[in-house]
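This briefing is meant to be read beside the sequence and the structure. Please keep both at hand while going through the points below.

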Amino acid sequence: MAQRASEGDRSAQRELFQRLKTCVHHTLFRILGNNRDLEDLLQDAFLEIFRALPSFRGDSSLTRWSQTIATRTAYLAIERRKPTSVDLEVVEDEIVDKDPDAHRVAAARHAAKRLYVALEKIDAKMRIAFALAVIDGLPLAEVAELTESSLVATKTRVWRARRELMSRAKKDPVLASYLVDLSGGVE
Amino acid sequence: MTEHQRERLGPPPVDAMSDVAWARVERKVFSRMEATGGTVTAAVGAREIRGSAAARSHWVWLAVPAAAAAAFALAFFSMNGPSGSTQSEEPSRIVAGSAPSSVTFGDTHLTLDANTALVMDQAAAKPTALLEHGSALFTVPARGERQFTVLAGDTTVRTANGQFRVSRDGELAQVKVDTGTVRITFRGHDVTVAANHSWSALQPADVVDNGTN
């Protein structure tokens, strides 16, 4: 299918789009934290996927390869957009679901919004490495692959991001607690 | 901190995008590919994440096609996008399984053949049905300037009054008009199909009289 899509077969391209859309969206969402502006970035990512398809050699899975492109798309988006200030009071969620797990999810969303606001203020490469490794829970080797970086550089970025976030969290107990939570309870 | 926050929270869930949002993304991706003659102009570029001045200068080369694509998208959605309409219904996805299914949206009646799926977006000034696959009969009463739109892959069918059937199998769309008139656009082709005539994406420039079939 990838071969046919790379040769311009529109049906194969549509099929590929359907097959890859969830993983591409997942990667962009984890790095950026919400669906705002994601439609434009998804377009950019898929255009690049189709453009680069002839060069896909099958060294990694098509899914992983497309996630690498999504990561690169997110990086460029972060680099080109100005930091925005988000009013945390505006983005609060109401917990309306009676499902006990809904409270946990709502609390996670609440804390994650604070985390993504803090992430806006740190270096894009550190932010991406942290988002993929700590928020999404990917192994560092996979993060290194997705960010087209060495394992050492990836480890360093995650460590620096965590240090910077912990520093920023000194005035924000919710964020501090969430950072510990995401690290599996390790302070 | 509440009891709930003391539990392990983990990452927040990934918020899914609506079918309509995905349809928009898909449509725009393939429109942009179509606009560049099938040769995709990269918006991202095959660069390493390290970035460089050369990478930034690449954007200059992308400015013209990107602006054209943006203008195209803007024009397209200014025709189909939300306006001052007071309708606020959420898009609905309708799936007909092994049996046909009928449904009414406002003044428009839809009959879905078996194994058909479509997404109906009434929030737009011009209500839009996205036919994912299968075949459906649309009955659109006279509605003045307010057109009803059916999207089937790269095929767009518009009418302000008529009964017509749209079938989609992958990229192949076919339209058969029973009453009224519909306008069809498909990859640069723009044809008007009157009552008792048909159109197929296989021969997008031709309109066939049903009586001659």
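The model is predicted. Chain B and chain A bury about 4,500 Å² between them, and 61% of that area lies on carbon and sulfur atoms. A search of the whole structure finds nine aromatic pairs over all chains, and the count of salt bridges over all chains comes to 19.

**Interface of chain B and chain A**

- The contact takes 50 residues from chain A and 43 residues from chain B, with about 4,500 Å² buried between the two chains.
- Across this interface there are six salt bridges, and 11 residue pairs are in polar contact, both residues of each pair being at pLDDT 80 or more.
- On the side of chain B that touches chain A, the elements that give two or more residues are helix H1 (3-6), H2 and helix H3 (53-80) of chain B; of the elements on that side, H2(B) gives the most, with 11 residues.
- One salt bridge joins the side chains of B:Arg32 and A:Asp44, with an N to O distance of 3.4 Å.

**Aromatic pairs around A:Phe17**

- A:Phe17 and A:Phe46 form a tilted aromatic pair, with 4.5 Å from centre to centre and 45° between the planes.
- This pair links distant parts of the chain, since A:Phe17 belongs to helix H2 (residues 10-32) of chain A and A:Phe46 to helix H3 (residues 38-52) of chain A, 29 residues apart; both A:Phe17 and A:Phe46 are buried.
- A:Phe17 also pairs with B:Phe30, and because the ring centres are 6.2 Å apart and the planes stand at 65°, which is over the 60 degrees that the class requires, this pair counts as edge-to-face.
- The pair joins two chains, because A:Phe17 lies in helix H2 of chain A while B:Phe30 lies in helix H2 (residues 19-35) of chain B; both A:Phe17 and B:Phe30 are buried.
- Ring pairs link A:Phe17, A:Phe46, A:Phe50, B:Trp22 and B:Phe30 into a cluster.

**A:Arg14 and its partners**

- The charged end of A:Arg14 sits over the ring of B:Phe30, at 4.2 Å from the centre of that ring.
- The side chain of A:Arg14 also meets that of B:Asp154 in a salt bridge, at 2.3 Å from N to O.
- A:Arg10, A:Arg14, B:Glu26 and B:Asp154 are linked in a network of salt bridges.

**Salt bridges within chain A**

- A:Arg19 and A:Glu15 form a salt bridge in which the closest N and O atoms are 3.9 Å apart; because the two residues are four apart in helix H2 of chain A, about one helical turn separates A:Arg19 from A:Glu15.
- A:Arg19 counts as exposed because its relative accessibility is 54%, whereas A:Glu15, with a relative accessible area of 39%, is partly exposed.
- A:Arg30 forms a salt bridge with A:Asp136, the closest N and O atoms being 3.1 Å apart.
- That pair links distant parts of the chain, with A:Arg30 in helix H2 of chain A and A:Asp136 in the loop between helix H6 (124-135) and helix H7 (140-146) of chain A, 106 residues apart.
- A:Arg30 is buried, its relative accessible area being 6%, whereas A:Asp136 is partly exposed, with a relative accessible area of 21%.

**Make-up of chain A**

- Chain A contains nine helices and zero strands, and its pattern read along the sequence is α-α-α-α-α-α-α-α-α.
- Among the 187 residues of chain A, 50% count as buried.
- Of the contacts in chain A between residues at least 6 apart in sequence, 62% join residues that are at least 24 apart.

Conventions:
Residues numbered from 1 in each chain as written. Chains lettered and ligands numbered in written order. Predicted model: local features only at pLDDT ≥ 70, side-chain atom pairs only at ≥ 80, totals over all residues. Heavy atoms only, no water. Phe/Tyr/Trp six-rings, centres within 6.5 Å; stacked < 30°, edge-to-face > 60°. Buried < 20%, exposed > 50% of the residue type's maximum accessible area, 1.4 Å probe, protein only. Lys NZ or Arg CZ within 6 Å of the ring centre and 35° of its normal. Contact = heavy atoms within 4.5 Å. Buried area = accessible area lost by both parts, 1.4 Å probe. Salt bridge = Lys/Arg side-chain N within 4 Å of Asp/Glu carboxyl O. Polar contact = N/O pair within 3.5 Å; in protein donor to acceptor, adjacent residues only side chain to side chain.
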